[in-house]
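Have the viewer open beside you as you read.

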Number of protein chains: 2
Amino acid sequence: MKEYIEANKNRFLEELFSLLRIPSVSSLEEHKPDMLRCAERLVELLKEAGADHAEVYPTSGHPVVYASRIIDPSLSTVLVYGHYDVQPVDPVELWNSDPFQPEIRDGAIYARGANDDKGQLFMHVKAFEYLQKTGRLRHNVKFILEGEEEIGSPSLAEWASGHKDLLKADIILVSDTTMISEQVPSINCGMRGLSYLEIKVTGPDKDLHSGHYGGAVANPVNVLCDMISSLIDGDGRITVKGFYDDVVELSAEDRAKLARAPFDLEEYKKFLKIAEVKGEKGYTTLERTGIRPCLDVNGIWGGYTGEGAKTVLPSEAHAKISMRLVPDQDSEKITELVEKHILSIAPPYVRVEVKRHHGGNGFLIPISSPAYQAASRAMTEVYGVEPVPSRGGGSIPILADLQKILGIDPLLMGFGLERDTIHSPNESYLLSQFFKGIEAIILFYRYY
Amino acid sequence: MKEYIEANKNRFLEELFSLLRIPSVSSLEEHKPDMLRCAERLVELLKEAGADHAEVYPTSGHPVVYASRIIDPSLSTVLVYGHYDVQPVDPVELWNSDPFQPEIRDGAIYARGANDDKGQLFMHVKAFEYLQKTGRLRHNVKFILEGEEEIGSPSLAEWASGHKDLLKADIILVSDTTMISEQVPSINCGMRGLSYLEIKVTGPDKDLHSGHYGGAVANPVNVLCDMISSLIDGDGRITVKGFYDDVVELSAEDRAKLARAPFDLEEYKKFLKIAEVKGEKGYTTLERTGIRPCLDVNGIWGGYTGEGAKTVLPSEAHAKISMRLVPDQDSEKITELVEKHILSIAPPYVRVEVKRHHGGNGFLIPISSPAYQAASRAMTEVYGVEPVPSRGGGSIPILADLQKILGIDPLLMGFGLERDTIHSPNESYLLSQFFKGIEAIILFYRYY
């Protein structure tokens, strides 16, 4: 394996660079032709790597690339998810080299998409090539590569719903996340789900002069603040009855495993420029974002928000509120619970309406599952350290959708590092991570 | 008196109509020439009525009209305040006649400004004419008529500060408010003051993904809601220490007088389309807006406020908050108290900044004062009922400024009625109120 990679490394990089040179910025209209170009180049590369089927599928947005090699329908199938679209490059003047002319400096590839996600998805293409070319392929392999991850994957769920048979698999394998550090590999085995509600509080049917009516007529903004404030108690727990019913308490052993992740609270606070963290009593910061649900106001508005002062008693107040859920919580059930709760605490002097936004369930791959075990063994072999089972907050929303639509768990085996500054200028990806990633993925197939 | 009015009524109306025909909409740039035209027409009418000095004074905004007749500096002086600017007429298609072509229908004048405030200020001009022409003037009379009341009087305070000597007087007499009803005259003897603060809560230095950080990093919108919610307790009382120190409790007798105002709570709720009123425990609705202070959020914003859902944990949250104060509360003192309180309750996991906006003290003319007594006697004579001493919420902000700058109390003897729908299409003013108002003002001078 190492020999094959060593012998072909320059070609691997040249192929990757051919992808990186295409400015596939999904959010900018002017790059629409580049999206198709990038999808077509992926089809070429997948075919060269050994796919017996590889095709660009149009969607209502940017195209989807699907490729597969089915060697025996009775064998298990790995579905690789990735995305070929990239973030914009502004402020482009802060780049030390052209974002679309990849360069190798100090052992790293510098380019937009070097890591996120062209670099990471391409490791899967090359691991597949190795297995295929050396006759070691023991699984059916499918690739689903979208061009809209950076803009919220507006088309993939619909496309997947229409191609369920095509996408049938046993595991969704993804490299689009980071490891804790170069020395501490980690596997993201769970992500939180989402419930999302919008609240509208209406008081009087028109804006009033606060001088005339203030003190006698309920102010919908004050009422909304009261309602929101009552949703979380002094211990940071959500007060909605039944909210925690399906939240599984982790065993001391599992919590100890999570706690192995090296986490520097002071660095964390410094990075966010906050003096203190805040969250549910009795849990660490990593637990609060990994294994506990939470409630956040994502947006609030009402009354006069311009310059200066206006003494208005507003007619309406609005808030967007979302809950992050742990995998055992059902998004629809929680949405309904919280909606009912909000309506039940609505005081008689205002009218409260609740609108539901799109939510989704979280997921969790048990550490005992064959896929997790295979990934863990593979990474241990490559890094010499057993990976930490981490829990991501909710980084790739489409994965929860795909899991729901296809009924397949995703496993997040990411090789990025914080230093790669994805989404920012001078995005990079360490060559060592690129090649170790290919090795780890090959070993995953060996142990899965 | 009645004979004089009867004999001249058609001329009075024709003169008023000449003002109403000028579209002096202060908020619309295209009416700038009309503002000057209207001011100049007022100067003519004031001179014809007997002013020995009447002049248009430029300001940085629309001009001010000042006029006076000084008969004897040792006599007391009445300063009449009014405004000649009007609200826009949109939606103009809902008017039954041209807003700037006054018409008399069913005993009322229909035109923009018929009541607010051309109709009401003109009663003062005609009362002055009567006193002057019939040799009954026993006071010095001054008029200060501005052209910016409907846009918040941005220039008058500065102009008044520069003309304190010119404006010296014993009472500011104003007709720019409503009576309780045609059968129940009222005199507005107090208005609440104002403290106004803007709060900014900053959490992390950038917007965060709520999936990654939610539950572990304080959300500034949630924190702001908590802070706002804590400012008012379950009894509707403001929790800021010392806030009520200078609030004078009215005697049972004074409360009984206030309670004479016929007030229909069901009508009030119906008008505002609310199911329940809400306010400080132990006080009626009229007391809550008249003799008690209050706190309102005038505007709130933070995070994502567009269409749909975004899972952002915002970096900032903002609110504009104002307190209505009773006359014994000092606006600056309260502003400082509340600012300190807000900073003191700021939790360590966010940064809280407070910005002060312009505030002002309330005022209260004692029922026992000569001016109130004169007005009360005058209205009793005209309406056959003793007027109710009401307290307005804070309708004419410039009056508190004028009181502060000039050190003179304002007395609000308004003759408008709810039916007049000022600021809306088909503004009107009952002829009976116009002529009774002239009588009552003449009698005010007799008894003052």
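This is a predicted model: local features need pLDDT of at least 70, side-chain atom pairs count only at pLDDT 80 or more; totals for chains, interfaces and linings use all residues.

Of the 17 residues in H13(A), 13 are buried, which leaves the helix mostly covered. Buried here means that 20 or more other C-beta atoms, placed from the backbone, lie within 10 Å of a residue's own.

## H1 against H3

Helix H1 (residues 2-20) and helix H3 (residues 118-133) of chain A pack at about 140°, with axes 11 Å apart.

On the H1(A) side, the residues in contact (C-beta atoms within 7 Å) are A:Tyr4, A:Phe12, A:Leu16, A:Leu19 and A:Leu20; they meet A:Lys118, A:Gly119, A:Phe122, A:Lys126 and A:Tyr130 in H3(A). By class, this contact has seven nonpolar, one polar and two charged residues.

## Around Val240

A:Val240 sits in the loop between helix H6 (220-230) and helix H7 (252-259) of chain A. With 21 other C-beta atoms within 10 Å, A:Val240 is buried. Leaving aside residues up to four places away in sequence, A:Val240 touches A:Leu231, A:Leu337, A:Val338 and A:His341.

## Reading notes

Residues are numbered from 1 along each chain as its sequence is written, while chains are lettered from A and ligands numbered from 1 in the order in which they are written. Local features need pLDDT of at least 70 and side-chain atom pairs count only at pLDDT 80 or more, whereas totals for chains, interfaces and linings use all residues.

Notes
A residue is buried if 20 or more other C-beta atoms lie within 10 Å of its own, exposed if 12 or fewer, and partly exposed in between; C-beta atoms are placed from the backbone. Helices (H or I, at least four residues) and strands (E, at least two) are DSSP runs, numbered from the N terminus. Axes are lines fitted to C-alpha atoms, for helices over the stretch in contact, and angles run from 0 to 180 degrees between N-to-C directions. Two residues are in contact if their C-beta atoms, placed from the backbone, lie within 7 Å. Ala, Val, Leu, Ile, Met, Phe, Trp, Tyr, Cys and Pro count as nonpolar, Asp, Glu, Lys and Arg as charged, and the others, Gly among them, as polar.
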